[in-house]
Amino acid sequence: MLGTMQHGFYQCALPGDASGEAFVELPGESFRIGQGSSYVSEAGSGVYLMHGTNLIFTRGPKKDQRFRRMGANTLQVLKDDDTLGRMICSRLGGVD
């Protein structure tokens, strides 16, 4: 089943540890989801496909990067073997 993600700015980060920050932001990985299954990142724009709970960037600078939808506003990166990676991208409210 095809779908779309909530529009807005998605901040990407790695989990931190108990001795430091709770998370480590990765500004170069963040992106904005827009209309028509489009996205924009600091490197340029492209298109994504949402199939079930999997999001795949199909065009643009993030082409072939894959995520699993973990909730309405959260994506977790998928590694080449389809296991979950460490990076999580969360939609921020109130950010234009």
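A residue counts as buried when its relative accessible area is under 20%. In this predicted model, Lys62 has a relative accessibility of 6%, so Lys62 belongs to the buried residues. Its place in the chain is the loop between strand 7 (54–59) and strand 8 (66–71). Leaving aside residues up to four places away in sequence, Lys62 touches Glu29, Phe31, Tyr39, Ser41 and Phe57. With Phe57 there is a further relation to look for in the structure above: Lys62 lies over the face of this ring, 5.8 Å from the ring centre.

The aromatic rings deserve a look of their own. A pair of such rings is described by two values, the distance of the centres and the angle of the planes. The structure holds five aromatic pairs. In one of them, the ring centres of Tyr39 and Phe57 are 4.4 Å apart and the planes meet at 65°, so this pair is edge-to-face. The two partners come from distant parts of the chain, with Tyr39 in strand 5 (residues 38–41) and Phe57 in strand 7, 18 residues apart. Tyr39 is buried because its relative accessibility is 1%, and Phe57 is buried because its value is 0%.

Phe57 also pairs with Phe67: here the centres are 5.9 Å apart and the planes stand at 85°, so this pair too is edge-to-face. Because Phe57 lies in strand 7 and Phe67 in strand 8, the pair ties together parts ten residues apart in sequence. Phe67, like Phe57, is buried.

Conventions:
Residues are numbered from 1 along each chain as its sequence is written. This is a predicted model: local features need pLDDT of at least 70, side-chain atom pairs count only at pLDDT 80 or more; totals for chains, interfaces and linings use all residues. Side-chain values use heavy atoms; hydrogens and water are left out. Helices (H or I, at least four residues) and strands (E, at least two) are DSSP runs, numbered from the N terminus. Buried means under 20% relative accessible area, exposed over 50%, partly exposed in between (1.4 Å probe, protein chains only). Contact means heavy atoms within 4.5 Å. Rings of Phe, Tyr and Trp (its six-membered ring) pair if their centres lie within 6.5 Å; planes under 30 degrees apart count as stacked, over 60 as edge-to-face and the rest as tilted. A charge sits over a ring if NZ of Lys or CZ of Arg is within 6 Å of the ring centre and within 35 degrees of the ring normal.
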